[in-house]
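Thanks for coming. I will take a few minutes to walk through one model, helix by helix, and then stop.

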Amino acid sequence: MPDDLQAAFEATRQSLDSHLSDIKEKLVKLDRTLVDAAETARSKIEHQLERLHSQAARAEALKSELVTRHAETLSQALYPDKGLQERGLAGIYFLARYGPEFLHQLHDAIQTDCHDHQVLEL
């Protein structure tokens, strides 16, 4: 979980504990029978805060997993089997996918007088 979110949960726990303790002290002076109700309320509030913390941690883990999977997918697309595309994807793949007209489109798109690598979008 991000440090700032973790710190916010911790600050909330401390603040909650402090405020509920103040309330409990004042309730003792007012009516001792309300102390049990205050403890029950504290328990429920802490439970809900812990539940929210767990949900946030799960959401962060899912987000992280999703980003990792997307990065792996992109890496595999750019470097099939951890190698260069031109070593792993033969030209016949593109002919099969785009048809024979692809060669004419490719020829029209490239600069034939340039001997360097060229990037084309398909």
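Helix 2 runs over residues 34-78 and has 45 residues. From its first C-alpha to its last, helix 2 reaches 66 Å, close to the 66 Å expected at 1.5 Å a residue. Please keep in mind that this is a predicted model, and every value I quote is computed from it.

Which residues of helix 2 are buried? They are Val35, Ala38, Arg42, Leu49, His53 and Ala56. Note that the list includes Arg42 and His53 along with Val35 and Leu49. Helix 1 is part of what covers these buried residues.

So, on to helix 1, residues 3-30. Its 28 residues should span 40 Å at 1.5 Å a residue, and its end C-alpha atoms are 40 Å apart, so the two values agree. The buried residues in helix 1 are Phe9, Leu16, Leu20 and Leu27. What do the buried residues of helix 1 pack against? They pack against helix 2.

Now the geometry of that pair. Two packed helices are described by the angle between their axes and the distance between the axes. Here the axes of helix 1 and helix 2 come within 10 Å, and they cross at roughly 175 degrees. Angles over 145 degrees count as roughly antiparallel, and therefore helix 1 is roughly antiparallel to helix 2.

As for the residues in contact, the helix 1 side includes Leu5, Phe9, Thr12, Arg13, Leu16, Asp17 and Leu20. On the helix 2 side, the residues they meet include Leu34, Val35, Ala38, Arg42, Ile45, Leu49 and His53. How many residues of this contact are nonpolar, polar and charged? The contact divides into 13 nonpolar, four polar and seven charged residues. Among the charged ones you can find Arg13 and Asp17 in helix 1, and Glu39 and Arg42 in helix 2.

Next, the aromatic rings. The count comes to three aromatic pairs, and I will show two of them. Phe94 and Tyr98 form a stacked pair, 6.5 Å centre to centre, with 5 degrees between the planes. Both residues lie in helix 4, residues 91-98, four residues apart, which is about one turn of the helix. Phe94 also forms a stacked pair with Phe102, at 6.0 Å centre to centre and 20 degrees between the planes. Ring pairs link Phe94, Tyr98 and Phe102 into a cluster.

Is Phe102 buried or exposed? Phe102 has a relative accessible area of 9%, so it counts as buried. Tyr98, at 38% relative accessibility, counts as partly exposed.

Last, two places towards the other end of the numbering. Ala109 is found in helix 5, and it is partly exposed because its relative accessible area is 47%. The C-alpha atoms of Ala109 and Glu121 are separated by 9.6 Å, with the two residues twelve apart along the chain.

His115 is found in the segment after helix 5, which covers 101-109. With a relative accessible area of 77%, His115 is exposed. How far apart in space are His115 and Ser15, C-alpha to C-alpha? They are 67 Å apart, and 100 residues apart in sequence.

That is the end of my notes.

Methods. Residues numbered from 1 in each chain as written. Predicted model: local features only at pLDDT ≥ 70, side-chain atom pairs only at ≥ 80, totals over all residues. Heavy atoms only, no water. Axes fitted to C-alpha atoms, helices over the stretch in contact; angles between N-to-C directions. Helix = DSSP H or I, 4+ residues; strand = E, 2+ residues; numbered from the N terminus. Parallel < 35°, antiparallel > 145°, perpendicular 65-115°, else oblique. Contact = heavy atoms within 4.5 Å. Expected span 1.5 Å × (residues − 1). Buried < 20%, exposed > 50% of the residue type's maximum accessible area, 1.4 Å probe, protein only. Phe/Tyr/Trp six-rings, centres within 6.5 Å; stacked < 30°, edge-to-face > 60°.
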